[in-house]
Amino acid sequence: MRQQMQLAVGPSSSSSRSSSASDGFPLGPIIINTPECGSESSAGRQKREVRAAEHTTPPGVSRMRSIVSFYLCYLLSLCLGLACVVCVCLWNSRWRGGFAWDGSGLQFNWHPVLMVTGLVVLYGNGAMLYRVPLTWGQNKLPWKLLHATVMLLALVLSIVGLCAVFDFHNTKSIPNLYSLHSWIGIAATALFATQWVLGMAAFLLPCSPLPLRQLLKPVHVWMGGSILWLSIAACISGINEKLFFVLSGTQPYANLPPEAWLGNSLGVLIVAFGLVVLMILSNSKWQRPDSRPEDLAYTPLLQEENE
């Protein structure tokens with residue numbers, strides 16, 4: 001009797017078990033449709049690796065994109081710098097009467113031209129020299145000398161521009177250094193001169209010790225960006241101050257005559273130039289690949305040196 005009950009129950013239980021298994025709910029440790037040796041997980045990994053490989057850019061392509069991006073930004077900075085020089089020359093030649101060196105207002109016109117050209121445009125281009133990919137992997141000494149020469153030319157133009165405005169003020173009995181613009185401009189020029197002298201002593205003279213170079217390099221880099229910001233602030237405040245002076249007795253500045261449009265446009269171009277230069281200097285992808293701390297070790301001035 002018991003055997004008959006087992007025989008009667010057996011097929012039904014097995015059929016129910018098989019039906020439950022077919023419904024996707026296996027009983028116990030039974031695994032349905034599971035490939036052997038974990039092939040499912042390996043296949044998933046392979047798919048993920050293929051997808052990751054599809055989204056990964058080859059190093060050569062990535063570097064080429066970085067170089068192309070740099071040259072586009074560098075070309076933009078050159079165009080903005082040229083536009084700054086053209087605008088400041090056009091402003092002082094067409095609306096301010098031209099240039100002279102006789103203590104008159106025509107001598108003052110040299111001041112904005114020389115300060116914008118030297119303290120902003122030439123300075124910014126000199127700071128970007130080490131970022132040009134053509135200089136990478138080469139002897140750095142010629143580029144260091146070119147960097148020092150461009151910066152010296154910018155400093156000389158800035159000093160001549162200061163001499164022009166001081167001589168004009170003394171001739172006309174106008175007080176010197178009374179405005180915020182003049183304080184910022186003097187501070188930028190003084191820091192620039194200090195920066196150039198210390199850079200020459202630390203990075204070009206054969207007698208400069210390694211600890212001094214290691215100490216001054218981050219300071220030199222930080223000071224360079226700070227001087228550019230101060231130069232931009234001095235130029236912007238000077239343009240605004242000059243427009244207030246020259247337009248107070250003629251057309252109101254608030255009516256935006258053509259001279260005011262040109263002066264404001266010059267200020268915008270100077271700010272745009274400074275932003276592009278600072279973006280280039282702050283991008284770590286555009287630094288020299290051989291700029292490493294261990295390369296600060298001293299080598300003689302006339303030998304090949306790569307920092």
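Phe 168 counts as buried, since its relative accessibility is 13%; buried here means under 20% relative accessible area, exposed means over 50%, and partly exposed is anything in between (1.4 Å probe, protein chains only). This is a predicted model, so to speak of local features takes a pLDDT of at least 70, side-chain atom pairs count only at pLDDT 80 or more, and totals for chains, interfaces and linings use all residues. Residues are numbered from 1 along each chain as its sequence is written, and side-chain values use heavy atoms, with hydrogens and water left out.

Now for the aromatic rings. Searching the whole structure turns up seven aromatic pairs. For a pair, the ring centres of Phe, Tyr or Trp (its six-membered ring) must lie within 6.5 Å; planes under 30 degrees apart are called stacked, over 60 edge-to-face, and the rest tilted. Phe 168 pairs with Phe 108: the ring centres are 5.4 Å apart and the planes meet at 55°, so this one goes down as tilted. Phe 108 belongs to helix α4 and Phe 168 to helix α6 (residues 141-171), so the pair ties together parts 60 residues apart in sequence. Helices (H or I, at least four residues) are DSSP runs, numbered from the N terminus.

Another of the pairs, Phe 244 with Tyr 253, is edge-to-face, with 5.0 Å from centre to centre and 80° between the planes. Here Tyr 253 is buried at a relative accessible area of 17%, whereas Phe 244 is partly exposed at 47%. Elsewhere, ring pairs join Phe 70, Tyr 71, Tyr 74 and Trp 286 into a cluster.

A charge is taken to sit over a ring if NZ of Lys or CZ of Arg is within 6 Å of the ring centre and within 35 degrees of the ring normal. Arg 94 has its charged end over the ring of Trp 95, 4.8 Å from the centre. Lys 140 does likewise with Tyr 130, at 4.5 Å from the ring centre.

Arg 96 and Glu 259 make it, their closest N and O atoms being 2.9 Å apart. The two residues come from distant parts of the chain, 163 residues apart: Arg 96 sits in the loop between α3 (59-95) and α4 (105-108), and Glu 259 in helix α9 (residues 258-282). Glu 259 is buried, at 4% relative accessibility, while Arg 96 is partly exposed, at 25%.

Notes: A salt bridge is a side-chain nitrogen of Lys or Arg within 4 Å of a carboxyl oxygen of Asp or Glu.
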